[in-house]
Amino acid sequence: MKPLASLLQELNGLILAGQTLEAMEQFYADDVTMQENQDAPQVGKAICLAHEKQILARVSALKATLHRQAIDEVNGVVFSEWTYETTSHKGHRFLLTEVSVQQWQNEWIVSETFYYNKILIVS
């Protein structure tokens, strides 16, 4: 079994390269749950991928920046702080800073919760 830090290096590399869907395909469990703030969780990789595709269809560009990450190898928990800069198809730019909390089991993300306040309009 690969160390969690090694798996995260691969996952982060895909996200930073703009390959979010590929990252989800490779690292998310089939029965993963994903939740944004206090919204109801989405359950299942297929549903989570469809949701992510809807989000990505609304933007022409996406740049991710990882600020810091804390890894608890023993319990399989990862806290990450990310900033996402998106550009809409009309050229408007937005910034979102969020913290994600992932629960890993057997080299798979089984749950992830995203915490954020508001999206900033840059231009």
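Analyst: Helices (H or I, at least four residues) and strands (E, at least two) are DSSP runs, numbered from the N terminus. The model is predicted, so local features need pLDDT of at least 70 and side-chain atom pairs count only at pLDDT 80 or more, while totals for chains, interfaces and linings use all residues. Residues are numbered from 1 along each chain as its sequence is written, and side-chain values use heavy atoms, with hydrogens and water left out.

Let's begin with S88, which sits in strand 4 (residues 77–88). S88 is buried, as its relative accessibility is 14% (buried means under 20% relative accessible area, exposed over 50%, partly exposed in between, with a 1.4 Å probe and protein chains only). Beyond its neighbours within four places in sequence, S88 contacts R58, V59, S60 and F94, where contact means heavy atoms within 4.5 Å.

A nonpolar core is a set of buried Ala, Val, Leu, Ile, Met, Phe, Trp, Tyr and Cys residues joined through side-chain atoms within 4.5 Å. This core has 21 residues, and L11, I15, F27, Y28, M34, W104 and I109 have the most contacts inside it. Helix 1 gives the largest share, 6 residues.

Now for the helices. Helix 1 (residues 4–16) packs against helix 2 (residues 20–27) at an angle of about 155°, and their axes are 7 Å apart. Axes are lines fitted to C-alpha atoms, for helices over the stretch in contact, and angles run from 0 to 180 degrees between N-to-C directions. Helix 1 and helix 2 are therefore roughly antiparallel (over 145 degrees; under 35 is roughly parallel, 65 to 115 roughly perpendicular and the rest oblique). On the helix 1 side, L7, E10, L11, L14 and I15 make the contact, and on the helix 2 side T20, E22, A23, Q26 and F27 do. By class, these residues are 6 nonpolar, 2 polar and 2 charged (Ala, Val, Leu, Ile, Met, Phe, Trp, Tyr, Cys and Pro count as nonpolar, Asp, Glu, Lys and Arg as charged, the others, Gly among them, as polar).

Helix 2 has another partner: helix 2 and helix 3 pack at about 175°, with axes 10 Å apart. That angle makes helix 2 roughly antiparallel to helix 3. T20, L21, M24 and E25 of helix 2 meet K45, C48, L49, E52, K53 and L56 of helix 3. This contact has 5 nonpolar, 1 polar and 4 charged residues.

F27 ties several of these pieces together. Not counting residues up to four places away in sequence, F27 touches L7, E10, L11, L14, W104, E107, W108 and I109. E107 is partly exposed, as its relative accessibility is 28%. Most residues other than glycine have a negative phi. E107, though not a glycine, has a positive phi of about 70°. N106, in the loop between strand 5 (93–105) and strand 6, is not a glycine either and has a positive phi of about 50°. N106 counts as exposed, at 56% relative accessibility.
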